[in-house]
Amino acid sequence: MRDFVIMTDSCCDLTDEMARELGIVVVPLSLQMGGQTYRNWLDGRDIAFQDFYSRIRAGETATTSAVSVGDFQEQMRAILSQGMDILYLSFSSGLSGSYDVSHIVAEQVQGQYPDMELHIVDTKLASVAEALLVYEAIRQREKGLTAHEMVAWAEEARYFVNALFMVDDLESLRRGGRIPDSVAYAGAKLDVKPLLTIDLEGKLSLKGV
């Protein structure tokens, strides 16, 4: 059985220390704020978490981007060149373009390493729910599952993980196109805190208020 690396993205919300201890490779999503682009590393190296939230509270807006082609290429090549396969557990395709970008880059990169395996799984999850799946994937690898076997495991296990969360309002989710304008408008008029979840398609769904 050939060694393989578990890769995920910074949406997983693991701490940088945990990711390092578990040996997970994490590729960063990006955010744009104040005319500048910051990569969202788990340790907040491009923009400190405190600075980011302070600016948001002060009224600045931020938009997000999928993992870049360049970051995928750099990390995938580095792993494959060491003779290790890859299992990438992606942020939900229903909420980000990272899953689609990873497929495009994987096809390019794998042509340079035809003997290596590069597997991609849409977790249909985000944030701590994604992190829980990644954490359990490490345990499954320790039990001896191959990269190929892990794909089947992850595609089933993703439906046994979920999260419920609340936000102050729906405006940022509306701006990002993750919920319809009508839902955000209704939430604002009713002055409620929405209780959200991730549905089976990996999209945000209103669970309650």
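Helix 3 and helix 4 pass one another in a right-handed crossing in this predicted model. Two packed helices are described by the angle between their axes and by the distance between those axes. Here the axes of helix 3, residues 69-80, and helix 4, residues 98-110, come within 10 Å and cross at roughly 50°, which makes helix 3 oblique to helix 4.

To see which residues make this contact, look along helix 3 for Val-69, Phe-72, Gln-73, Met-76, Arg-77 and Leu-80, which meet a set of residues in helix 4 that includes Ser-98, Val-101, Val-105 and Val-109. The residues of the contact divide into eight nonpolar, four polar and one charged. An α-helix has 3.6 residues a turn, so residues three or four places apart point the same way.

Helix 5, residues 127-142, can be checked for its length, because at 1.5 Å a residue its 16 residues should span 22 Å, and its end C-alpha atoms are 23 Å apart, which agrees. Its buried residues are Ala-129, Glu-130, Ala-131, Leu-133, Val-134, Ala-137, Ile-138 and Gln-140, and these pack against strand 1 (4-9), helix 1 (16-22), strand 6 (85-90) and helix 6 (147-157). After helix 5 comes Gly-144, whose phi is positive, near 110°.

Is Tyr-185 buried or exposed? Since a residue counts as exposed when its relative accessible area is over 50%, Tyr-185, at 56% relative accessibility, counts as exposed. Tyr-185 and Asp-169 are 16 residues apart in sequence, while their C-alpha atoms are 9.9 Å apart in space.

Technical notes. Residues numbered from 1 in each chain as written. Predicted model: local features only at pLDDT ≥ 70, side-chain atom pairs only at ≥ 80, totals over all residues. Heavy atoms only, no water. Axes fitted to C-alpha atoms, helices over the stretch in contact; angles between N-to-C directions. Helix = DSSP H or I, 4+ residues; strand = E, 2+ residues; numbered from the N terminus. Parallel < 35°, antiparallel > 145°, perpendicular 65-115°, else oblique. Left-handed = near helix turned anticlockwise from the far one by under 90°. Contact = heavy atoms within 4.5 Å. Nonpolar A, V, L, I, M, F, W, Y, C, P; charged D, E, K, R; others polar. Expected span 1.5 Å × (residues − 1). Buried < 20%, exposed > 50% of the residue type's maximum accessible area, 1.4 Å probe, protein only.
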